[in-house]
Amino acid sequence: MARGKAKDGDGNWKKFIWNSEKKELLGRTGGSWFKILLFYVIFYGCLAGIFIGTIQVMLLTVSEFEPKYQDRVAPPGLTQVPQVQKTEIAFTASDPRSYELYVRNLDNFLRDYSAEQQTENIVFQDCGDTPSEYKERGPYNDAQGQKKVCKFKREWLENCSGLNDPTYGYKDGKPCILVKLNRIIGFKPQAPANESLPPEIMAKYNPNLIPVHCVAKREEDADKIGTVEYYGMGGYPGFGLQYYPYYGKLLQPRYLQPLVAVQFTNLTYDMEVRVECRAYGQNIVYSDKDRFQGRFDIKFDIKSS
Amino acid sequence: MKRELELDDHKLDVKELEVKYSTSVTKGLSEAEAAQRLLRDGPNELRPPRGTPGCVRFGRQLAGGLQCLMWVAAAICLIAYGVQEGEGDRGSSDNLYLAVALIAVVVVTGCFGYYQEFKSTNIIASFRNLVPQQATVIRAGQVLQVNAAELVLGDLVEIKGGDRVPADIRILAAQGCKVDNSSLTGESEPQTRSPECTHESHLETRNIAFFSTMCLEGTATGLVISTGDRTVIGRIASLASGVGEEKTPIAVEIEHFVDIIAGLAVLFGGTFFTVALVIGYPFLRALVFFMAIVVAYVPEGLLATVTVCLSLTAKRLARRNCVVKNLEAVETLGSTSVICSDKTGTLTQNRMTVAHLWFDGQVHTADTTEDQSGQSFDQSSESWTLLSQVITLCNRAQFKPGQENVPVAQRDVIGDASESALLKFAEVTSGPVAAARGRFPKVAELPFNSTNKFQVRTGEGQVDTGGTGELRWDRWAQVGQVSSLMSPMMSPMSPMTSLMSPMSPTLSPLSPGFCARWLPPGTDTPPEDLAEVAQGLCFAGLVSLIDPPRATVPQAVRKCRTAGIRVRDMGTLGTSGTLGGVGGLGTLGGVPRCAQVCYLCRQARARVVTGSELAAMAPGTLEELLRTHPEMVFARTSPQQKLVIVESCQRLGSIVAVTGDGVNDSPALKKADIGVAMGIAGSDAAKNAADMILLDDNFASIVTGVEQGRLIFDNLKKSIAYTLTKNIPELAPYLIYITASVPLPLGCITILFIELCTDIFPSVSLAYERAESDIMHLRPRDPRRDRLVNEPLAAYSYFQIGVIQSFAGFVDYFVAMAQEGWWPGLVLGLRPRWEDEHEQELQDSYGQQWTFWQRRYQQYTCYTVFFISIEMCQIADVLIRKTRRLSLFQQGPFRNRTLVVAIVFQVCIGCFLCYCPGMPNVFNFMPIRFQWWLVPMPFGLLILVYDEIRKLGVRRHPGSE
């Protein structure tokens, strides 16, 4: 009984796929299938038309030069060069191959900062050697053509500029990293208020400076990171405000982010040392979830041999 | 199992019995022997059907088809999480959250289902609190009172009027013993018990009394021949538990649906798994895609929706006195195409009532309504005075004392059913019976017995006789003009034609006739000679007794007919109703007790089949008969035959509802697609086997149930269409995510929120939707063709409305992305870099640099935006689902208050999820801008307009769905 039933079902199934009596494929005749398909082609065509139309209309309302909203991208993230996987810098000072990747990464990044790249005066502007006020460059549109960009001198980075030491201190076990604030259109970082800043920063306080400071991530590592050298514009360990605001890649295609080079000259070898760098500013905030907002942390593991 | 039980004890004589049961018919068993047999056979009680243990039932709730799929999905999530953790990749515990959420969903819905089942099991359990029963037993020559559970085979027991028979016993001696077998046979007519074997069948013979039947009067001594589950009633009870649980149609529907869904989910998931692997995703990622598609495809909230819809209807029915034990039964009732009804107590009032009288050569109609509100007859005739006097006096029934304030119809009476009917009739028509009896005190009496078939009472100067139609007519002295009328009824083998005469339904041979004669004063006759005195009597009149139909029945039957439901009457042993008259089962006269005739009703479409005919039928004949006769009455059927009838109906593809009250109905109740037991008259076994209980024993309640059941099927269909639609906008983001490599537009947890939180309320509120047209004028649905989910419904939901919703979601997604700095052109193909956790400076269309978590929050924003788009479109969807043919405005968009409240509530939950602080990190919802709520609204409007056009088309061209 059950078997007979199953057979019956099989027959129906085959019949369903191709019913030769009624010339039906999957329960419909060719004409019926054609009508159905035609209907869906038209139906989806209309929907796709509506979709593309809506998107086009929406794009018309969006400015080319300035995003409509920035509530997700601001406050900015703080990032480092070399960009490393798992935020870990591990190498052996005596083995050039172990840090070759970092050096190449730094070289590539700093190519745009070389003096010969900043010669065109139509594009570049000398904004002074000390931190100064914001440089407003008018409305966010191309009515006045492209906007000028402040120069950033590679020499300011001294030992980490790669000009004297092409390995950026890696061959001596004194690695350099470059710290930069993520680009955000129209974002004007505000210099920190006086209170609650680490004393080292207070020493070099400037009202037009966004200072950067690196400390051990864990307190027990405090004695293991040794001395930290900062090289920035005019010897200040931070970002000058004249580099802000940023006008976007259409108006400032060759914008140079201000950099701070951080060199760890006396790191303890053969152990993982976690370092956290922060940028300080009134509108630079930190988040528990996003560990790269206004700060980042990086791990050093230098092997002695 | 379904074979009739063979017993021959009734044919054995006393000596043989003594040998068979090694006992003594005078002294009984010895205590020691009894104790030994008790050990051997177990206690004399019905074993309750073994329930499934709670943990197994709970386990079953957790191991359904959809649940298994969810388990697999959760396992994949956990594995993915474990592997990521193993790779030292911290901070991405999304997969863990998702696994926990999935497991929680399965467990919570499982608990929900288990709770529902537990509640219904509790109702059943409450039927079992039976009071321990005592029995009088003779052991070692001594009369003892023992617990009935301790009776063993061979015990000698004594029963007397009022006792419940403690086991199946073979009567050895009896004095005027009568038993009420109604719990076994459904027939309330008392049956005499005596030591002689009177019938081949042990069920019909007089020398066997059955376990759990009532002894009404007299005394008897008997030998226990079977105990506990081996008794006839125990056999029936175990027959009921032996009948497998039939799956309810809605369960079949849902299973069918779940199979399709699970199949599609696995198919889709598998396809994309393979595609992802071919494109070059790592195995684990592909596995997570698979899981996400399963989560998006499986309608997690559907089971909850269905359960809630059904329990809402169950509550609504309970208010109308239908208690539903099994939730799914509600819907089954709606798809019922055949109702097999037991007559006694369901269609009828289950009390004998005087229907017609004959005196002065005329038929007079008595009032048979339940509340005595009907018309009375002319009572001025002298014959009536005589007749009423005889009815009053020649009657052994008495009212129980202390009921002066109770309406006559509801008073308790001591005495058998016929005499009670006469007593009540006399009390109502000619005043207090007690006073009349006081005027003519009883001198001597000969009670009714089966040999005389009449009853004689001599009072002061009067002899009154009552008797059945099988009375010896020669006793009438002055039959006179009566004889012509009486002749057809004298012969039990009445030809059909005479039964068809106008008199026949009203005055059947069951009717007691009454005669009287005045005696000279001071006559003193010993009771044995009374039969001789009762000669030359004056015929006073005839009375016909019926069990009248309930007032609501004819109308209810008519309603069933318009609704395309066939009503079949499964009469029990001995009595049955006739289908006929205007209102279908309007007239329910008695069919001759001894008739072996095939009794054709007035309408040729109806037919009576007796149990013996049924037994003689070749297999298949019954189906043929059922197919050709839309209405059918089965007379004198046994429990097994009822079962056969139900099965035959089911084989014809009908969905069968069975109503009944006696133990004899319980196998059929259990076998039926839906068993309906009577709450007042019903026996425990019947209630146990049934899916539904009518608290007021009213057939009309079944019709209400059918109506509600059909409504819930319609509404469930709407609800499912609503639930299905959003599967496409939930699935589409994954397809685009994999194929176009855009950042994920909709997260798994968000999908779970849509399925199990926001969309539950509108889909449940559709259960409150009014019917679009008079559903009781439609035919019952064809379970094979008219499914809960059919092809046009699925195609329309998936490929049209669902696609519009997806477009709405994607428009909103691209708007939210573009306005935050990611233009559509850049978004396509962005996924690998977007999801790179070490990329902290990804450039958007403006050259701004985003950290990973900034992108992640943007992604959550997209989830929320997509979520809101689906919600907005679902509001339009629930509005279009309110009707399937009528325009939304014909139905009234705000008539269903619950639905309006549900929509408002849904929006409130949406707002809460978006704007409650802490949501981003817990459930991945972000506060979104107001205009992103507005973007999908035109699409909602499009859905409304599109569906109105479709409905207009359906109304203009009926039949083209």
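In the predicted model, Cys214(A) and Cys277(A) are joined by a disulfide, with a sulfur-to-sulfur distance of 1.9 Å. The link of Cys214(A) and Cys277(A) is right-handed, with 105 degrees about the S-S bond. This pair connects distant parts of the chain, since Cys214(A) belongs to strand E9 (residues 209–216) of chain A and Cys277(A) to strand E13 (residues 273–279) of chain A, 63 residues apart. Cys214(A) has a relative accessible area of 3% and is therefore buried, the cut-off being under 20%. Cys277(A), at 0% relative accessibility, likewise counts as buried.

Over all chains, the structure holds three disulfides. Because Cys127(A) lies in the loop between strand E6 (124–125) and strand E7 (149–150) of chain A, while Cys150(A) lies in strand E7 itself, the pair ties together parts that are 23 residues apart in sequence. Both Cys127(A) and Cys150(A) are buried.

A further disulfide is formed by Cys160(A) and Cys176(A), whose sulfur atoms are 1.8 Å apart. The link of Cys160(A) and Cys176(A) is left-handed, with -70 degrees about the S-S bond. Here Cys160(A) is placed in the loop between E7 and strand E8 (176–181) of chain A and Cys176(A) in strand E8, so the pair ties together parts that are 16 residues apart in sequence. Cys160(A) and Cys176(A) are both buried. When the bonded cysteines are counted along the chain, the disulfides of chain A follow the pattern 1-2, 3-4, 5-6.

In chain B, Cys560(B) takes part in no disulfide, and the nearest cysteine sulfur, which belongs to Cys340(B), is 12 Å away. A disulfide requires the two cysteine sulfur atoms to lie within 2.5 Å. With 1% relative accessibility, Cys560(B) counts as buried. Cys862(B) is also in no disulfide, and the nearest cysteine sulfur, that of Cys914(B), is 13 Å away. The relative accessible area of Cys862(B) is 1%, and the residue is buried.

Chain B as a whole can be described by its secondary structure, burial, contacts and surface. The chain comprises 961 residues, of which 58% count as buried, and its secondary structure comes to 37 helices and 26 strands. Among the contacts in chain B with a separation of 6 or more, 71% are accounted for by residues 24 or more positions apart. The accessible surface of chain B comes to about 38,200 Å², and 59% of this area belongs to carbon and sulfur atoms.

Returning to chain A, an unreviewed UniProt entry carries the annotation "transmembrane region" for residues 37–62. Over residues 37–62 of chain A, the chain in the model is 96% helix and 0% strand, and the end C-alpha atoms are 37 Å apart.

Methods:
Residues numbered from 1 in each chain as written. Chains lettered and ligands numbered in written order. Predicted model: local features only at pLDDT ≥ 70, side-chain atom pairs only at ≥ 80, totals over all residues. Heavy atoms only, no water. UniProt positions renumbered as here; feature names shortened; annotations may be inferred. Helix = DSSP H or I, 4+ residues; strand = E, 2+ residues; numbered from the N terminus. Buried < 20%, exposed > 50% of the residue type's maximum accessible area, 1.4 Å probe, protein only. Contact = heavy atoms within 4.5 Å. Areas by Shrake-Rupley, 256 points an atom, 1.4 Å probe, with all protein chains shown as cover.
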